Amino acid sequence: MDFPIEAVRAAFPALSLTDNGRRRIYLDNPAGTQVPKSVAEAVSQCLLSTNANLGGFFETTLAAQKVVDDAHVAMADFLGAETAEEIIVGANMTTLTYHLSRTLGRDFAPGDEIILTRMDHEGNVSPWLQLAEDRGLVVRWLPFDQESWQVEPAALAALLNDRTRLVALNYASNLTGSINRVRELSRIAKEAGALVYVDAVQFAPHGLVAVSEIGCDFLVCSAYKFFGPHMGILWGRRAVIDALQPYKCRCSSNDLPERFELGTPQIELMAGLTATIGHFERLGEQAGSTGSRREKVAAAFGASIAYENALALQLIDGLSTIDGLTIHGITDRARVHERVPTVSFTVEGIVPESIVRPMNAEGIFLWSGHNYAWEIVHQLGIPADQGVVRIGIAHYNTAVEISETVESVTRTIAMLRQQR
């Protein structure tokens, strides 16, 4: 079927905003997407009609508890979890990772080892580095292959030993866009007896996550990267998280997932989270699915992946014609399914920010910098204080927008070269 781009765009009010009559092109999506009207309405409705703390017996507190419960069930369906008790909701991915790292660290001993990749966002690096410093752990670094742009299974296997306690991986890079073979990597790590913690923040907006099939122990993502409110979600395998004792208040619940969700929950944002999954359900229905919520989400991704891949190829092809421009990531058309539609590049002799600023002024929203891909820029030898130009596509972008963006990049680079 043809992707229903007009119907999708109509759901996002921000896409119709203008600045002094000039359209906006949102390509800052890896840092955070726009939200459907239904998400904003759900947040507002919760604040106006179910605004109470949890644990009481009156109507608003009971309604608020249902909002919280519904959000956990919706995310369990979205991620393919076996039960909503495996879903932990928090402020953001980084905060959740810090919390879990300290909880897991209680059982780690000096000399135990953890493996971190050179491909991860800093949110899946610093918490573990600091845990290692606190607990006297050994950190082993796993580079990515600069030909495949992925973490290679053989490289991981070479680092594992009987002291390896945890492997932290990312599903997809927020700079190169490369998708790792997380199932194979998880299998190798689990065979060595290690826990596996997967950062799926950049993958979740662009592909169907199936936690029951990956083989990892934990997987974390961020709702505001896939058209939802600002919050993070962590899935933990029931058998693993049920044995953990997190840092929490003495008198707070010991039930799952409550014992990992510190303090009063972001109830209104959880209402928005359920509405976010509803956006994928509607897209799945437009793609022809009449099944369960999970089946509709799968159908939505089936449609959006094909659509986004075409836009990514259009962008890569256009950028590849510019002399002196280097795309840092997979450019082989036959491997487009091995990347998400996030494309980063540098241009010889030109600072990335000097490209981004005039494009932002034209209403084309994109980023420059290291984007917290600290280890990637260092492995690639890119100055961390400059980083890259990063363009990130979402399923509400259009081919016309990509054409305008390529034209703007080309024109901006030509202008900057004339000024030198």
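A nonpolar core is here a set of buried Ala, Val, Leu, Ile, Met, Phe, Trp, Tyr and Cys residues joined through side-chain atoms within 4.5 Å, where buried means under 20% relative accessible area, exposed over 50% and partly exposed in between, with a 1.4 Å probe and protein chains only. The model is predicted, so that local features need pLDDT of at least 70 and side-chain atom pairs count only at pLDDT 80 or more, whereas totals for chains, interfaces and linings use all residues. Residues are numbered from 1 along each chain as its sequence is written, and side-chain values use heavy atoms, with hydrogens and water left out.

**View 1. The nonpolar cores and the surroundings of F345.** The largest nonpolar core has 110 residues, and those with the most contacts inside it are M75, L79, L219, F226 and F345. A second, separate core of 26 residues includes L96, I114, V125 and Y197. With contact taken as heavy atoms within 4.5 Å, and residues up to four places away in sequence not counted, F345 touches L319, L325, T326, I327, H328, I355, V388, V389, I391 and V409.

View 2. Helices (H or I, at least four residues) and strands (E, at least two) are DSSP runs numbered from the N terminus, and two strands pair if DSSP finds at least two bridges between them. Strand β15 covers residues 388-392, and five of its five residues are buried. V388, R390 and G392 point one way from β15, while V389 and I391 point the other way. In a regular strand the side chains alternate between the two faces of the sheet. Strand β12 (residues 342-347) pairs with β15 in the antiparallel sense over four bridges, and S344 has R390 as its bridge partner in β15. The pairing of β14 with β15 is likewise antiparallel, over three bridges, with G369 standing opposite V388.

**View 3. Strand β4 beside strand β10.** From β4 (residues 87-90), I87 and V89 point one way and I88 and G90 the other way, and all of these are buried. Four bridges join β4 to β10 (residues 232-236) in an antiparallel arrangement, in which V89 stands opposite I233.

View 4. S304 lies in helix α11 (residues 293-319) and counts as buried because its relative accessibility is 1%. Leaving aside neighbours within four places in sequence, S304 is in contact with F3 and H395. V240, in helix α9 (residues 238-241), is also buried, with a relative accessible area of 17%. When neighbours within four places in sequence are again left aside, V240 is in contact with L195, D217 and F218. V240 and T97 are 143 residues apart in sequence, and their C-alpha atoms are 15 Å apart in space.

View 5. Rolling a probe the size of a water molecule over the atoms shows where empty space is left. On a 1 Å grid over the protein atoms alone, a cavity is a set of points where a 1.4 Å probe fits but cannot get out, a pocket is an open set with protein on both sides within 12 Å along at least five of seven lines, and lining residues have an atom within 4 Å of a point. Grid points are joined across faces, edges and corners, and a volume is the space filled by probe spheres set on the points. By this rule there are two cavities of 30 Å³ or more. The largest cavity holds about 50 Å³, and its lining consists of N29, P30, T33, V201, Q202, P205, H206, K225, T342 and I393. The second largest cavity, of about 40 Å³, is lined by H121, N170, A172, N174, D199, V201 and Q202.

View 6. The largest pocket has a volume of about 480 Å³ and is lined by 22 residues, of which L54, E258, E261, G263 and P265 lie nearest its centre. The second largest pocket has a volume of about 410 Å³ and is lined by 24 residues, with A31, H121, K225, N371 and Y372 nearest its centre. Helices α4 (93-105) and α12 (352-361) and strand β14 (367-369) each supply at least two residues of the lining of the second largest pocket, and α12 gives the most, with four residues.
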